[in-house]
Amino acid sequence: LVGLLGAVLLGGPVLRLVFGPGFEPSYPYLVAGCAFGVLYFVDQLVQLVITAQNQPMVLALKWAVACTVAVLVQWAAFTALGPFAGPAGLACGVLAGWLVVAVVHRRKTQTT
């Protein structure tokens with residue numbers, strides 16, 4: 001979250017300083033990518049828990065759903081969102097993967 005806050009507060013000036021003023025309009029894409037990065041960081045914790053529980057099929061299912069949803073959202077939303085469809089699709093994919101993991105976990109606890 002600190003990295004996202006840094007991108008929000010300092011992204012424009014840093015882009016201008018490092019890459020030149022022509023790159024400053026890319027600031028919103030930097031913030032969008034950093035926002036997805038927060039979700040991806042949390043996803044690493046989810047992935048570690050699944051791995052520690054020795055559930056490779058759940059991990060494979062999570063990633064299959066995440067990748068499928070990400071591609072579908074990016075493809076469907078590009079006309080409306082333009083380049084923001086990338087981080088939006090990835091975020092939707094990660095969230096869909098978490099939803100599948102939650103459903104599998106709930107079913108497993110209900111049957112046990």
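Which residue just after α3 takes a positive phi? That's Gly82, with a phi of about 65°. Keep in mind that this is a predicted model, where local features need pLDDT of at least 70, side-chain atom pairs count only at pLDDT 80 or more, and totals for chains, interfaces and linings use all residues. Residues are numbered from 1 along each chain as its sequence is written, and side-chain values use heavy atoms, with hydrogens and water left out. Helices here are DSSP runs (H or I, at least four residues), numbered from the N terminus.

**α1 with α2**

- Helix α1 covers residues 2-19 and helix α2 covers residues 27-52; they pack at an angle of about 155°, with axes 9 Å apart. (Axes are lines fitted to C-alpha atoms over the stretch in contact, and angles run from 0 to 180 degrees between N-to-C directions.)
- That makes α1 and α2 roughly antiparallel, a label for angles over 145 degrees.
- On the α1 side, Leu4, Ala7, Val8, Gly11, Gly12 and Leu15 meet Tyr27, Leu30, Val31, Cys34, Ala35 and Val38 of α2; contact means heavy atoms within 4.5 Å.
- By class, this α1–α2 contact has 10 nonpolar, two polar and no charged residues. (Ala, Val, Leu, Ile, Met, Phe, Trp, Tyr, Cys and Pro count as nonpolar, Asp, Glu, Lys and Arg as charged, and the others, Gly among them, as polar.)

**α2 with α3**

- Here the packing angle is about 150°, and the axes of α2 and α3 are again 9 Å apart.
- So α2 and α3 are roughly antiparallel too.
- Tyr40, Asp43, Val46, Gln47, Ile50 and Thr51 in α2 meet Val58, Leu59, Lys62 and Trp63 in α3.
- Sorted by class, the α2–α3 contact has six nonpolar, two polar and two charged residues.

**Buried or exposed?**

- Asp43, in helix α2, is buried, because its relative accessible area is 0%. (Buried means under 20% relative accessible area, exposed over 50%, partly exposed in between, using a 1.4 Å probe and protein chains only.)
- Leaving out residues up to four places away in sequence, Asp43 touches Lys62, Trp63, Val94 and Trp98.
- Leu10, in helix α1, counts as exposed, because its relative accessibility is 52%.

**A closer look at α3**

- Helix α3 (residues 56-81) has a kink of about 35°, centred on Trp75. (The bend at a residue is the angle between axes fitted to the seven residues ending there and the seven starting there.)
- The buried residues of α3 are Val58, Lys62, Ala66, Ala70 and Ala77, and they pack against α2 and α4 (85-111).

Definitions and conventions
Helix = DSSP H or I, 4+ residues; strand = E, 2+ residues; numbered from the N terminus. Parallel < 35°, antiparallel > 145°, perpendicular 65-115°, else oblique.
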